[in-house]
Amino acid sequence: MKALITVLPGDGIGPEVCEAGIRVLEGIANKYDHHFEFSEQLIGGAAIDAVQDPFPTNTQASCAESDAILLGAVGGPKWSDPNASIRPEQGLLALRLALEVFANFRPVKIFPELASASPIKTTRLEGVDIMVVRELTGGIYFGDKTRSDDRASDLCIYHRYEIERIIRIAANLASKRRGRLCSIDKANVLETSRLWRDVTINTISEEFPTIELEHMLVDAAAMHLINRPAHFDVMVTENMFGDILTDEASMLAGSMGMLPSASLGDSTRGLYEPIHGSAPDIAGQGIANPCGMIASCALLLRHSLNLTEEAENIDNAIQDVIHSGGRTTDIAEPGQVALSTREMTDQIMDRLL
Ligand code: NAD
């Protein structure tokens, strides 16, 4: 199979983990006789520095003709002035809009060997296997904004069609898993949440009668994620709630560095990125955990290229390395010698079948 993949390393540890992802994808291409062409482009702070635009025209063109996009991370202290008119995050939001990837998937699985790396009690982590589905191109992040000296506003808008399509995707996923869908909103306060809840109830009762639907307020969901995480199967929620809850959920897995994500729309072209940010505190040291990025490459193979066996090969290799004690600094036991990003990637590549 031939595929064109745009790679957007971005800032901080973004380039370090992207390099790991490309090496693994090249390893897969060699083993299975595929031909993956990589087009490396600018985004975020690196793009602002080079061309004063966080989502340059060349990047847009490359993404538009690619089968999939692999993203490192954007942002960092260099570009963090809140009053700046151009910011790295604008590149990320523009990318998601341009690709029309309205559904963000974040699987949260626990490696039993890493349970002690999580701040949550090990007994609470037994049986945790959650898929968080976050609406990605609507809500408060994209609404009109106003600002004067002593007043600011961000408009939160949701349309019926935006809710229906994300609920359908989440319900379809739930039907292939344990059949349970938890919709998270703030319907006791927000009008957008009341529409969200109404549309969810109608869509599920009309189209997915066998799905067990539960509604939870976002504040309660934040508590239950820590208190009884094994309760959840598929969680679906709007953009900002999803942003916050998925970072919280990452702590169940022990480190931000472990978790992948996929963002998809109506076509197979998708955006794949680890859930972590640019981690300026460890950037340039070669110690970033590449597992979230490498697992994102597995999602890319599975969802955009329909290469299920290859994706499983990567997932199994990551599991095998963790099982046999390979650890980067973020997940190492006290006193354990940690692997560098490159060494961890080598170990994963050595285990590809
Ligand atoms: P972060 O995810 O970058 O880092 C949080 C903590 O987790 C840090 O201590 C970091 O060292 C650690 N960490 C993250 N990824 C790791 C990895 N792969 N291996 C080992 N440790 C890892 O979040 P932050 O510090 O809140 O944000 C830093 C910058 O990243 C900010 O500018 C923020 O806006 C940006 N950001 C970008 C994205 C994105 O590009 N999608 C997402 C979140 C944050």
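This is a predicted model: local features need pLDDT of at least 70, side-chain atom pairs count only at pLDDT 80 or more; totals for chains, interfaces and linings use all residues.
Residues are numbered from 1 along each chain as its sequence is written, and side-chain values use heavy atoms, with hydrogens and water left out.

Start with helix α9, residues 239-250. The names of helices and strands come from DSSP runs (H or I for helices, at least four residues; E for strands, at least two), numbered from the N terminus. The expected span of a helix is 1.5 Å times one less than its number of residues. With 12 residues, α9 should therefore span 16 Å, and its end C-alpha atoms are 17 Å apart, which agrees. The N-terminal end of α9 is capped by E238, which has a side-chain oxygen 2.7 Å from the backbone nitrogen of M240. This is a polar contact, meaning a pair of N or O atoms within 3.5 Å; within protein, one must be able to donate a hydrogen and the other to accept it, and residues adjacent in sequence count only if both atoms are side-chain atoms.

Which residues of α9 are buried? They are N239, F241, G242, L245, T246, E248, A249 and S250. Buried means under 20% relative accessible area, exposed means over 50%, and partly exposed lies in between (1.4 Å probe, protein chains only). An α-helix has 3.6 residues a turn, so residues three or four places apart point the same way. The buried residues of α9 pack against the strands β4 (103-109), β5 (129-135), β8 (180-185) and β10 (234-237), and against the helices α7 (191-207) and α8 (218-227).

The axes of α8 and α9 come within 10 Å and cross at roughly 15°. Axes are lines fitted to C-alpha atoms, for helices over the stretch in contact, and angles run from 0 to 180 degrees between N-to-C directions. Angles under 35 degrees count as roughly parallel, over 145 as roughly antiparallel, 65 to 115 as roughly perpendicular and the rest as oblique. The helices α8 and α9 are therefore roughly parallel to each other. In this pair, V218, A221, A222, L225 and I226 of α8 meet F241, L245, E248 and A249 of α9; contact means heavy atoms within 4.5 Å.

A second pair is formed by α1 (residues 14-32) and α12 (residues 341-350), whose axes come within 10 Å and cross at roughly 20°. These two helices are therefore also roughly parallel to each other. On the α1 side, E16, E19, A20, R23, V24 and G27 meet T341, R342, T345, D346 and M349 of α12.

T341 of α12 has 5% relative accessibility, so it counts as buried. A polar atom of the T341 side chain lies 2.7 Å from the backbone oxygen of A288. Apart from neighbours within four places in sequence, T341 is in contact with E16, G286, I287, A288 and P290.

The side chain of D53 reaches the backbone nitrogen of F55 at 3.0 Å. With neighbours within four places in sequence set aside, D53 is in contact with A47 and I48. D53 and P88 are 35 residues apart in sequence and 8.6 Å apart in space, C-alpha to C-alpha.
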